[in-house]
Amino acid sequence: MDFVDVVLKRRAVRRFEEGGVERDVLERIARLAQRTPSAGFSQGQRVIVVTDAAARREVARISGEDELVADFGPWISQCAAQYIPCVSESIYHRRYQEPDKIGEDGSEIEWPVPFWWIDIGATMQNIMLAAVNEGLGCGFVGPDIAGLRSYLGIPDEFIPIGVMPVGRPLPDVRSPSLNRGWVAFDEFAHWERWN
């Protein structure tokens, strides 16, 4: 699929066929998720891929699907796979204490922004776009960090940032937020300076 088409077709999907996606397709998505930038090539991102139906239902329960069913149906559990992106801030700090990254005084850099959040966002975007490229859809729901960590055995060092159901999309209820429309391009993109 053409890259422009992939980007333009990407949207938050909230209804899927259950299962029905081959393991090699799901693995391709995960492999593309790994190919995202990371500050200092720290590679502090990880992803858990949940395909077992009972496990998907439990992840959905932990993620509050019961409260969302009335509006959108059981979209978190009824999918082919749930991708749970996780990130470790500690990995970034350890990387930036290595000899090629420390300052002249031997100290770690002052982080102007927490780049680990930027990098895991790039991982998420790759999952979304890779799903569309495979003819699939992808959604997102914020996490119960403690619940996901406990159920999926995620080490304390890693933070699960959400659940991304992926699968063959079915017609679904579009978010009423879309009625807001896109911000005008001239308001979004600024050339040379803000004003």
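Trainee: Are Tyr96 and Trp111 buried or exposed?
Mentor: Both Tyr96 and Trp111 are buried. Please bear in mind that this is a predicted model.

Trainee: How many aromatic pairs does the structure hold?
Mentor: There are five aromatic pairs in the structure. In one of them, the ring centres of Tyr96 and Trp111 lie 4.7 Å apart with the planes at 70 degrees, so this pair is edge-to-face.

Trainee: Where do Tyr96 and Trp111 sit in the chain?
Mentor: Each is in the loop between helix 5 (89-95) and helix 6 (115-133). The pair links distant parts of the chain, with the two residues 15 residues apart.

Trainee: Which residues do ring pairs link into a cluster?
Mentor: The cluster consists of Tyr92, Tyr96, Trp111, Phe115 and Trp116.

Trainee: Changing topic, where is Ser77 found?
Mentor: Ser77 belongs to the loop between helix 4 (65-72) and strand 2 (81-87).

Trainee: And why does Ser77 count as buried?
Mentor: Its relative accessibility is 6%, and buried means under 20%.

Trainee: What is Ser77 in contact with, leaving aside its neighbours within four places in sequence?
Mentor: On that basis, Ser77 contacts Arg56, Arg57, Ala60, Glu65 and Gln82. Separately, a polar atom of the Ser77 side chain lies 3.4 Å from the backbone oxygen of Pro74.

Trainee: Why does Trp191 count as exposed?
Mentor: Trp191 has a relative accessibility of 65%, and exposed means over 50%.

Notes
Residues are numbered from 1 along each chain as its sequence is written. This is a predicted model: local features need pLDDT of at least 70, side-chain atom pairs count only at pLDDT 80 or more; totals for chains, interfaces and linings use all residues. Side-chain values use heavy atoms; hydrogens and water are left out. Buried means under 20% relative accessible area, exposed over 50%, partly exposed in between (1.4 Å probe, protein chains only). Helices (H or I, at least four residues) and strands (E, at least two) are DSSP runs, numbered from the N terminus. A polar contact is a pair of N or O atoms within 3.5 Å; within protein, one must be able to donate a hydrogen and the other to accept it, and residues adjacent in sequence count only if both atoms are side-chain atoms. Contact means heavy atoms within 4.5 Å. Rings of Phe, Tyr and Trp (its six-membered ring) pair if their centres lie within 6.5 Å; planes under 30 degrees apart count as stacked, over 60 as edge-to-face and the rest as tilted.
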